[in-house]
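Welcome, and please open your viewer. We will go from one selection to the next and look at what is there.

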Amino acid sequence: MRGRARSARRGARGREKPRPGEGVRLALYQGLFAAAAEEMGATLMRTAHSPNIKERLDHSCAVFDPRGRLVAQAAHIPVHLGSLPRAVEAALELGPFRDGDTVILNDPFAGGTHLPDLTLVSPVLLTRSGSPDFFVATRAHHADIGGAAPGSMPLAREVYEEGLRIPPVFLARAGRPVPDVLRLLLANVRTPDERRADLDAQLGAQATGARRLGEWARRRGAAELRRAAALLMDHAERCVRAAIGELPRGTFRFEDALDDDGLTPEPVRIAATLTIGADRVRVDFTGSSPQTAGPVNAVEPVTRAAASYALRCVLGGDFPVNDGAFRPIEVIAPRGTVVNPLPPAAVSAGNVETSQRIVDVVLGALAQALPDRVPAASYGTMSNLLIGGTEPLSGRPFAYYETLAGGHGAGPGWHGASAMQGHMTNTRNTPIESLEHAYPIRVLATRIRRGSGGQGRFRGGDGIERVVELLARSRVTVISDRRSRGPYGLQGGAAGRPGENLVQERRDAAPRLMPGKFQIDLREGAVLTVASPGGGGFGAPRVRPLQAADKAEDENSGGTHTARGSGFVGSLLQRASAMRRVPANPGSRKRK
């Protein structure tokens, strides 16, 4: 990684610079490339079959240049987008490519994140040279990819237990599916019809991106598109270096921990040393725990994505998020640790839980450098809920997956937002009507968890509580964290209240408190409650009665505290990142 950073600096010399007056044209190209990725996402959303993709939007799309460098991305899932470049690099090793080829992969140790995230990479040939001019990629979380438990996120010790592991292979050649690959995949999952439909939706999204780039090439020429992509990367690099130059220089350290790895009770340490230079930032995770027996290991692309996301939020600014934006950021993740495990480590929870803690740690270090900009910790867990079994009426297997929202951390000048997805997720909730229509599950309650936000001069946002009743015998897996201790507060603010998981196996039985990570077989009629943490508070609380204005704010917002302030305005959790979509109802986002 250090060698790559040095080569990037050397490559900066002799790069083509924009011509005078070309800034407006480049801004238009920036919008066009991003629009192609957004249109890919719209195609995928509208044609997918599983609620996790079509309702929760658990997918991401992006455009890459011939060398596999990120050109533009849609405002989708940060943990997907930050790690996608490694998947494209892995796919490039299968070249040469023909028009209509598509590579599929999910191997966490060959460009993937965790096994349910299936990535498709397709070349875009705009000329008769026979070489790709661009690549388009989609990544979608499939509700099941086999393995020891429905949803493919068991409490595993090895990646082999987590599902079907797919190295980069061709799913389609010259526009024709490779039937043997598809048959092998579908034979190893619980819901093959749904998987095939979602893969078809991804292939449609790939075609949408290629078609849009082809239209622009016919108008402006492929060479002009490639030149604009390269100039936009260089522009992003200059913007990020300039933004880093405005930060306080120095070395800042912070550490936090996961509650456990799901198999052993010991906390899992995440430590970061952040060094801010004149125009570069280094994030060194030396000192983090060795890779774990349980599935909380985060592969290096996930660690890089989480660290880069946190820095991008704090830098703010309106500049392209592409390969150039990441060139000034160096991430050191020692091999054999929880932030860069060696195979065959189990990794399913690293993508969803450890990534959140990495963000907390990097932001905690940045808070020392920028105390007037960085908020307290947000809820810090995706509270993954997975339920699978056999539908009583049809006799067909089902697999349900969802992440739950939580409370966001308060900051210097604003209360934390309540009941919102944040950081490395950025998905909607599953609408109750859709959930109950698709699965033998009844939703008894979805509500804001009042008072779970940390106290302080500015209050942390509240988490949520989801209560479901099982209408069929099911295997339930919950992968959650921040159950032992809540998200940290800053500047004297209190920590948010930890989350909790409850199981009531029969209506005449008392609810049983469960650990943060567990797997259990339950009968029809069992009730499961997953309550997410609140965000940390900011600043020492003032000793005064609740003012009328505060009461009115709570009544008008339903307890959801929105951002305040100017300059950095609000919260990096709500505004600063180009990788956000606007939430609507508790735990959801507005429909497009």
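Which residues in helix 6 meet which residues in helix 7? Before selecting them, note that this is a predicted model, where local features need pLDDT of at least 70, side-chain atom pairs count only at pLDDT 80 or more, and totals for chains, interfaces and linings use all residues. Residues are numbered from 1 along each chain as its sequence is written, and side-chain values use heavy atoms, leaving out hydrogens and water.

**Stop one: two helices.** Select Leu213, Trp216, Ala217 and Arg220 in helix 6; they meet Ala222, Glu224 and Leu225 in helix 7 (contact: heavy atoms within 4.5 Å). Helix 6 spans residues 192-220, and its axis lies 7 Å from that of helix 7, at an angle of about 110 degrees. That makes the two helices roughly perpendicular (65 to 115 degrees). By class, their contact has 5 nonpolar, no polar and 2 charged residues.

**Stop two: the core.** Now select Val283 and Phe285, which have the most contacts inside the largest nonpolar core, a set of 64 residues. Such a core joins buried Ala, Val, Leu, Ile, Met, Phe, Trp, Tyr and Cys residues through side-chain atoms within 4.5 Å (buried: under 20% relative accessible area, 1.4 Å probe, protein chains only). Contributors of at least two residues each include helix 7 (222-245) and helix 10 (350-369). Beyond its neighbours within four places in sequence, Val283 touches residues including Ala272, Leu311 and Val362.

Finally, show the 4 strands of an open antiparallel sheet, ordered 13-12-16-19. Strand 13 (397-402) and strand 19 (517-522) each have a single partner strand, so one side of each lacks a neighbour in the sheet. Strand 12 (residues 384-390) is joined to strand 13 by 6 bridges (pairing requires at least two DSSP bridges). One to click on: Thr390, whose bridge partner in strand 13 is Pro397.

Notes. Buried < 20%, exposed > 50% of the residue type's maximum accessible area, 1.4 Å probe, protein only. Axes fitted to C-alpha atoms, helices over the stretch in contact; angles between N-to-C directions. Parallel < 35°, antiparallel > 145°, perpendicular 65-115°, else oblique. Nonpolar A, V, L, I, M, F, W, Y, C, P; charged D, E, K, R; others polar.
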